[in-house]
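Thanks for coming, everyone. I'd like to walk you through one structure today, going from its charged pairs to its rings and its cores. Have a look at it first.

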Amino acid sequence: MGLGKRERRFTIAIGLIIGVTASSMLVRHALKVKDEQASQKPGNYNSQHSAVGNVEFPSLPEMVKKAVPNGIVVFYEANRTSVSNNPNQSVNSWVIETSGSFRSERLFILAEVSPNDPRDVKFYRASEIYVGLKKAYSEDDLESLLTEEQYKIIGQNSASSEYIVQIRQFSPTDIAAALEYLGKLPQTQSVRPSSWVPLR
């Protein structure tokens, strides 16, 4: 004897509930495993060694850990000039990959911390530089001077009209070199690192 219309609907509804619940549990489990794997990666905060170069770094200030929880320290450089171009300011610099379940949620953040005051922290997007051009020049003029292997124009700031240039190499030393190179181009009016504001 076959199932009636009502029983069939009930059976389908139960099947859907079981399917949605099972897939939700699998997704949660996969994300948990991914987070656990990230905590074992080179460069995790507890390892105190960078993912690139295995450079030993001191404990991150609490402000940095709070702003970028569970990140991966990709690069660390001590006692260097700030990318903000203040020659009198010496900083310790961490480039941190933010954690996120999906690739689109990840960023590379440069955290600069004053050795004298761990509460004096500045954050920048490590892989982006803002470039303002002189009036006579266009995006095409800038693009013609940039090598694809190192630079890519990814947009324009609508408020300031500055171009957003993505850099492929972004250790603190690489960021400083890119700022210097872009700043010396005859077409360039201004150049600055891209500030980043923590969400929390």
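Let's begin with R119, which counts as exposed because its relative accessibility is 64%. For these labels, buried means under 20% relative accessible area, exposed means over 50%, and partly exposed is in between, with a 1.4 Å probe and protein chains only. The side chain of R119 meets that of D117 in a salt bridge, 3.2 Å from N to O. D117 counts as partly exposed, at 26% relative accessibility. By salt bridge I mean a side-chain nitrogen of Lys or Arg within 4 Å of a carboxyl oxygen of Asp or Glu.

A word on what you are looking at: this is a predicted model, where local features need pLDDT of at least 70 and side-chain atom pairs count only at pLDDT 80 or more, while totals for chains, interfaces and linings use all residues. Residues are numbered from 1 along each chain as its sequence is written, and side-chain values use heavy atoms, with hydrogens and water left out.

Back to the charges. How many salt bridges does the count come to? Seven, by this rule. Another of them joins the side chains of R192 and E162, at 2.7 Å from N to O. R192 sits in strand β7 (residues 188-195) and E162 in the loop between β5 and β6, so this pair ties together parts that are 30 residues apart in sequence. Helices (H or I, at least four residues) and strands (E, at least two) are DSSP runs here, numbered from the N terminus. Is E162 buried or exposed? E162 is buried, with a relative accessible area of 8%, while R192 counts as partly exposed at 33%.

Then there is E77 with R80, a salt bridge between side chains at 2.7 Å, N to O. E77 is buried, at 19% relative accessible area, and R80 is buried too, at 15%.

Now for the rings. The structure holds six aromatic pairs. Rings of Phe, Tyr and Trp (its six-membered ring) pair if their centres lie within 6.5 Å; planes under 30 degrees apart count as stacked, over 60 as edge-to-face, and the rest as tilted. Take Y76 and W94: their ring centres are 5.0 Å apart and their planes are at 45°, so this pair is tilted. It links distant parts of the chain, with Y76 in strand β1 and W94 in strand β2 (residues 90-97), 18 residues apart. Both Y76 and W94 are buried.

The rings of Y151 and Y181 make a stacked pair, because their planes are at 20°, with centres 5.6 Å apart. Y151 is in strand β5 and Y181 in helix α4, so the pair ties together parts that are 30 residues apart in sequence. Y151 counts as buried, at 10% relative accessibility, whereas Y181 is partly exposed at 35%. Ring pairs also link F57, Y76 and W94 into a cluster.

On to the cores. In soluble globular proteins, nonpolar side chains tend to be buried together. A nonpolar core here is a set of buried Ala, Val, Leu, Ile, Met, Phe, Trp, Tyr and Cys residues joined through side-chain atoms within 4.5 Å. Which residues have the most contacts inside the largest one? They are L142, V165, I175 and L182, in a core of 23 residues. The elements giving two or more residues to this core are β1 (72-81), β4 (117-133), β5 (151-156), β6 (163-167) and α4 (172-184). β4 gives the most, with five residues.

A second, separate core has 16 residues, among them A67, Y76, W94 and A111.

Let's finish with the overall picture. The secondary structure comes to four helices and seven strands, running α-α-β-β-β-β-α-β-β-α-β from the N terminus on. Of the 200 residues of the protein, 35% count as buried. Among contacts between residues at least 6 apart in sequence, 51% join residues at least 24 apart.

Methods: Contact means heavy atoms within 4.5 Å.
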